[in-house]
Amino acid sequence: MPKAGGEKAAILERAERERVRFLRLQFTDILGVIKNVEVPDRQFSDALDGNIMFDGSSIEGFVRIEESDMYLRPDLATFQVFPWTDASGARVGRLICDIANPDGSPFAGCPRTTLKNVIALAADRGFRMMAGPETEFFLFLRRDGRATTETHDRASYFDLAPIDLGEDVRREIVVALEQMGIHVEAAHHEVAPGQHEVDFHYDDVLTTADNVSTCRFIVKNVALRNNLHATFMPKPIFGVNGSGMHTHQSLYAGGKNAFFDADNEIQLSQTCMHYVGGLLQHAKGFCAITNPLVNSYKRLVPGFEAPTAIAWSEKNRSPLVRVPAARGTATRIELRMPDPSCNPYLALAVMLRAGLDGIEHAVDPGPPVNKNIYKMSHRERRHLRIDDLPANLSEALDEFEKDALVRETLGEHIFNHFLEAKREEWADYIRHVSPWEMDRYLGVY
């Protein structure tokens with residue numbers, strides 16, 4: 001407790017020094033949407049002690065009305081001050097919270113707690129997971145206060161001003177993220193017009209999940225302040241690349257990278273190979289978590305650099321898992337299927353748990369597939385036993401229901417509420433008559 005008391009005092013002192021008038025107690029619902037309860041400065045002490053209550057019945061997938069009282073338990077290490085003021089000129093602080101039941105026990109529907117449970121499981125097995133995501137998004141123009149899908153540039157991969165008109169906004173985003181304590185490794189224009197990428201330096205997996213959630217909030221706010229709309233929708237425009245969240249991952253044991261083996265021909269350890277095997281084995285089962293929208297599967301199609309095949313490779317980007325060339329402490333694997341609409345806490349939880357399962361059961365990922373899978377014939381793919389990811393959200397949910405490990409990782413509460421919400425989303429989608437159908441059928445039939 002002395003440490004917590006010292007942290008509390010330091011936060012209160014900083015808040016007073018930087019004239020922080022309001023404090024946002026931030027958390028995410030099961031679908032990854034950021035929620036918050038905001039308190040004025042006179043409530044800061046109670047907030048830091050975890051004494052702020054909110055109505056959980058109004059949050060997606062939380063609790064029934066008759067058991068609605070929930071507590072926000074802040075992680076004091078996440079305190080930051082937003083790099084702007086509100087309309088009144090007041091500074092606003094932020095704390096990321098876990099959700100607790102009225103009796104103080106962890107709430108089963110808290111995504112952050114779910115990730116912490118998997119982190120604890122990994123620690124029991126001697127591992128610490130590190131992750132570094134590549135977060136992609138689009139910046140679109142706003143017209144009459146509404147978002148459009150008109151891009152503000154005609155640039156492509158790694159282009160720069162004057163072609164990339166988003167360069168200044170992207171730089172402003174990076175500055176804001178750094179001021180929020182996030183170590184940005186790189187930022188650049190992506191393949192499609194209006195598409196950008198921000199890469200985080202690798203960090204422990206809980207910090208990484210917090211950073212992804214914070215990044216989405218910061219990007220949208222900076223864009224809005226520049227009269228632009230930022231979207232992490234996976235495939236907002238037909239015919240161009242969608243936005244992914246390629247996630248670099250490694251395990252450390254005893255302070256050393258457990259994926260590196262200097263004596264192996266390709267310098268990858270058996271731990272690494274089995275981890276990859278676990279990801280491949282459970283990819284179908286956790287795809288609904290890492291790619292949770294109907295729109296997610298408009299990105300996961302051949303021809304736009306997004307993976308559709310369940311395989312791994314050292315040398316090309318068409319398979320699901322790629323192993324970058326770096327070795328030593330930088331040895332890592334890259335899972336290319338997630339997109340930035342996912343709940344980062346749940347996505348990282350199922351990735352880590354699948355990898356640990358692969359290690360526990362010594363799952364063989366098979367030989368690397370170093371040919372371009374997109375150009376293979378159906379016979380070649382069958383010969384190599386290359387399976388495909390689900391083609392749509394409905395198929396992904398079917399696989400999700402069948403994967404006992406994913407269910408166990410999420411727990412019954414999150415598993416059932418997520419499944420129910422996504423089944424409803426799919427049912428709503430298939431009832432909808434799209435412009436494509438009207439264009440294709442109305443004049444013919």
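In which loop is Ala362 found? In this predicted model, Ala362 is found in the loop between helix H8 and helix H9, the latter spanning residues 378-383. The phi angle of Ala362 is near 50°, a positive value in a residue other than glycine. With a relative accessibility of 44%, Ala362 counts as partly exposed. A positive phi also occurs at Gln267, where the angle is about 60° although the residue is not a glycine. Gln267 belongs to the loop between strand E14 (256-257) and helix H6 (270-290), and its relative accessibility of 28% places Gln267 in the partly exposed class. For context, most residues other than glycine have a negative phi.

Helix H3 (residues 111-124) packs with H8 at an angle of about 20°, the two axes being 8 Å apart. Because angles under 35 degrees count as roughly parallel, H3 is roughly parallel to H8. The crossing of these two helices is left-handed. On the H3 side, the contact is made by Pro111, Arg112, Thr114, Leu115, Val118, Ile119, Leu121 and Ala122, and on the H8 side by Tyr345, Leu346, Leu348, Ala349, Leu352, Arg353 and Leu356. The residues of this contact between H3 and H8 comprise twelve nonpolar, one polar and two charged.

Helix H5 (residues 205-225) also packs with helix H8 (residues 344-360): their axes come within 9 Å and cross at roughly 150°. This crossing of H5 and H8 is right-handed. Val205, Leu206, Thr208, Ala209, Asp210, Val212, Ser213 and Arg216 of H5 make the contact with Pro344, Tyr345 and Leu348 of H8. By residue class, the contact of H5 with H8 consists of seven nonpolar, two polar and two charged residues.

The remaining pair considered here is H3 and H5, whose axes lie 10 Å apart at an angle of about 160°. Since angles over 145 degrees count as roughly antiparallel, H3 is roughly antiparallel to H5. H3 passes H5 in a right-handed crossing. The contact involves Arg112, Leu115, Lys116 and Ile119 of H3, together with Val205, Leu206, Ala209 and Asp210 of H5. Five nonpolar, no polar and three charged residues make up the contact of H3 with H5.

Within H8, Val350 has a relative accessibility of 2% and counts as buried. Leaving aside residues up to four places away in sequence, Val350 touches Phe286, Ile289, Thr290, Val406, Thr409 and Leu410. Between the C-alpha atoms of Val350 and Gln179 the separation is 30 Å, and these two residues stand 171 residues apart along the chain.

A disulfide is a covalent bond between the sulfur atoms of two cysteines. The structure holds zero disulfides. For Cys287, the closest cysteine sulfur is that of Cys342, at a distance of 11 Å; this is too far for a bond, because a disulfide requires cysteine sulfur atoms within 2.5 Å. Cys287 counts as buried, with 0% relative accessibility. Cys272 likewise counts as buried, at 0% relative accessibility.

How values were computed
Residues are numbered from 1 along each chain as its sequence is written. This is a predicted model: local features need pLDDT of at least 70, side-chain atom pairs count only at pLDDT 80 or more; totals for chains, interfaces and linings use all residues. Side-chain values use heavy atoms; hydrogens and water are left out. Axes are lines fitted to C-alpha atoms, for helices over the stretch in contact, and angles run from 0 to 180 degrees between N-to-C directions. Helices (H or I, at least four residues) and strands (E, at least two) are DSSP runs, numbered from the N terminus. A crossing is left-handed if the near helix is turned anticlockwise from the far one by less than a right angle, and right-handed if clockwise. Contact means heavy atoms within 4.5 Å. Ala, Val, Leu, Ile, Met, Phe, Trp, Tyr, Cys and Pro count as nonpolar, Asp, Glu, Lys and Arg as charged, and the others, Gly among them, as polar. Angles under 35 degrees count as roughly parallel, over 145 as roughly antiparallel, 65 to 115 as roughly perpendicular and the rest as oblique. Buried means under 20% relative accessible area, exposed over 50%, partly exposed in between (1.4 Å probe, protein chains only).
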